[in-house]
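I opened a new notebook page today and wanted to look a few things up. Here is what I was working from.

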Amino acid sequence: MTAHLMNSLHHQVWQKCLTKIQESVNIQSFTTWFEPIRPLSLDGSVLTIQVPNKFFYEWLEEHYVVILKEAIQVVIGSDAQLKYLIPKKNNIPQNLSFAKKAPNVDSNNTSLRSNKIQNPFVIPGIQKLKIDSQLNPNYSFEHFIEGDCNRLARSAGMAIAKKPGKTAFNPLMIFGDVGLGKTHLAHAIGNEVQKLYPEKIVLYVSSERFTNQFIDALRNNAITDFLKFYQIVDLLIVDDIQFLENKQKTQDIFFSIFNHLHQGGKQLILTSDRPPKELAGIEARLISRFKWGLSADLQVPSLETRMAIIQQKMDMDGVDLPPSVLEFVSYNVRTNVREMEGVLISIIAQAALNQRDIDLDLAKEVVSKFVDNISNEITVEFIQKIVAEHFDIPLEKLKEKTRKRFVVRARQLSMYFAKQLSNKSLKHIGNAFGGRDHSTVIHACRSIESLLENDTRFKNEVSGIAKRLKSTGV
Ligand code: ADP
Ligand code: MG
């Protein structure tokens with residue numbers, strides 16, 4: 001591209017938009033979905049961009065419309081409009097205009113994720129005001145897959161949604177590493193309360209935004225209004241509370257809002273990336289209040305839960321993922337759900353851009369590019385899953401005491417594979433099967449070995465399963 005083009009206005013404008021967008025999406029999504037976009041022109045407040053194909057356009061519209069809209073409005077102004085051009089095969093661009101409404105935003109909720117909460121401060125009669133909850137309707141319980149990793153937090157959340165402020169779980173503190181579903185779960189509770197109690201005022205706010213609003217209020221001499229606004233809320237969700245660390249004044253005001261709401265029987269939900277006691281820069285009096293209710297953590301989902309989550313996301317997007325790809329991604333991406341989503345999105349984008357089928361080869365390419373910690377090791381968990389599936393028995397049976405012949409066989413075979421393929425100690429393997437001891441594992445391996453020697457059909461069956469287990473490594 002020439003220097004002249006690079007410097008032209010629409011390039012500069014788009015560059016600014018990109019900087020803004022970068023704040024809201026992860027690197028992977030940014031590289032995949034925003035870098036291929038070319039700015040074409042700026043006509044008044046209409047910015048025209050070129051996207052590689054229709055699929056791209058649809059994906060952007062479905063997943064990033066809010067972020068795009070926000071970025072161009074910040075950079076160009078509130079009347080900014082975006083036009084997409086898609087190069088057609090015969091080189092005549094196809095014209096598509098910006099969707100009028102974000103598809104994932106319901107009609108009364110169009111200011112979702114807009115930079116500021118609707119400013120209620122200047123409006124008299126605040127009590128009657130309907131506050132925009134800032135909830136994302138896509139983050140529902142229905143879309144939040146249950147697993148051991150989230151059972152406590154999820155069921156506490158459900159209980160709260162039925163009786164906000166009236167359970168012992170007040171506040172509910174959801175904590176856990178990044179990308180494990182804290183924000184999703186918090187929204188799910190909010191959405192459910194809104195559904196069951198439309199008259200209740202629900203408000204979701206990130207601690208960062210809360211802090212900024214507070215600073216604005218300080219600057220504008222509007223602290224009383226700020227307090228009043230927060231005190232009328234029935235369910236207050238404050239996300240990423242760790243952001244309040246070392247912000248003394250914001251903590252003070254939050255303390256006062258917390259007390260007011262709690263005393264009034266209103267529900268509070270907080271999230272944090274660590275347990276309350278590890279929030280070093282937060283005052284003891286606040287920490288002790290966080291502990292009044294329930295602290296529930298979110299863990300990394302198990303393989304089965306990861307598969308269920310991916311399956312559900314793909315169903316939602318109408319993408320048909322071959323089982324081998326589903327297995328491969330859930331097996332190899334184990335850090336968190338957000339990363340899993342990023343990898344899937346890249347796979348889908350690569351397939352669309354290069355007009356390839358989504359298959360195991362493509363998945364392997366993408367995963368090896370994005371995930372550093374690809375493991376060649378086959379876990380006991382994965383072995384259990386594949387073997388249980390093969391014999392069509394529930395996975396838990398492998399860990400139970402059942403002496404039914406076919407269950408025993410499947411259990412012994414899983415132990416055998418675990419010993420062969422997983423690098424885990426006999427003790428570890430025994431433990432993974434409902435706390436059995438190492439001699440049970442040895443016995444299992446011997447039984448299988450002797451069967452393999454004497455039964456050709458069984459031998460073939462076993463090598464079929466082994467193949468499947470190994471194909472999932474990279
Ligand atoms: P956190 O706030 O803990 O960083 P998020 O709530 O933003 O994590 O979750 C990251 C992504 O993972 C979201 O797209 C969310 O929908 C998805 N996710 C996390 N846990 C689950 C789950 N149990 N079921 C379905 N999706 C999940
Ligand atoms: Mg979050």
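Where does ligand 1 lie, and which domains give residues to the shell around it? Before answering, I noted that this is a predicted model. Domain 2 (128–298) and domain 3 (303–370) both contribute to that shell, so ligand 1 lies between them.

**Entry 1: the ligand**

I looked up who surrounds ligand 1 and got 19 residues. The closest are Gly179, Thr183, His184, Arg338 and Glu341. By type, the shell splits into 7 nonpolar, 7 polar and 5 charged residues. Three helices each supply at least two shell residues: α7 (182–196), α12 (303–317) and α14 (337–353).

Next I checked a few distances. The side chain of Thr183 has an N or O atom 2.7 Å from an oxygen atom of ligand 1. For Glu341, a polar side-chain atom sits 2.8 Å from a ligand oxygen. Gly181 uses its backbone instead: a polar atom there is 3.0 Å from an oxygen atom of ligand 1. On its own, ligand 1 has 550 Å² of accessible area, and the protein covers 95% of that.

**Entry 2: strands**

I then went along strand β9 (residues 294–297) to see which way the side chains point. Strand β5 (residues 172–175) runs parallel to β9, with 4 bridges joining the two. Opposite Ala296 of β9 I found Ile174.

The peptide bond from Asn170 to Pro171 is cis, with omega near 0°.

How many residues of strand β6 (residues 202–206) are buried? I got 4 of the 5, so β6 is largely enclosed by the rest of the structure. Strand β7 (residues 235–239) runs parallel to β6, and 5 bridges join them. One pairing I wrote down is Leu203 with Leu236 in β7.

I looked up two residues that have a positive phi without being glycine. Asp240 has a phi of about 55° and belongs to the loop between β7 and α10 (248–263). Its relative accessible area is 28%, so Asp240 is partly exposed. Asp392 has a phi near 60° and lies in the loop between α16 (380–391) and α17 (405–421). Asp392 has 70% relative accessibility, so it counts as exposed.

Is Arg154 buried or exposed? The cut-off for buried is under 20% relative accessible area, and Arg154 comes in at 12%, so it counts as buried. Arg154 belongs to helix α6 (residues 151–162). Its side chain makes a polar contact with the side chain of Glu146, at 3.4 Å.

Gly281 sits in the loop between β8 (267–272) and α11 (284–290). With a relative accessible area of 17%, Gly281 is buried too. I also checked Gly281 against Phe243: they are 38 residues apart in sequence and 9.4 Å apart in space, C-alpha to C-alpha.

Gly435 is in the loop between α18 (426–432) and α19 (438–454). Gly435 is exposed, at a relative accessible area of 51%. Glu400 is 35 residues from Gly435 along the chain, and their C-alpha atoms are separated by 9.4 Å.

Terms used. Residues numbered from 1 in each chain as written. Chains lettered and ligands numbered in written order. Predicted model: local features only at pLDDT ≥ 70, side-chain atom pairs only at ≥ 80, totals over all residues. Heavy atoms only, no water. Buried < 20%, exposed > 50% of the residue type's maximum accessible area, 1.4 Å probe, protein only. Pairing = 2+ DSSP bridges. Near = heavy atom within 4 Å. Polar contact = N/O pair within 3.5 Å; in protein donor to acceptor, adjacent residues only side chain to side chain. Areas by Shrake-Rupley, 256 points an atom, 1.4 Å probe, with all protein chains shown as cover. Nonpolar A, V, L, I, M, F, W, Y, C, P; charged D, E, K, R; others polar. Domains from an automatic or database assignment.
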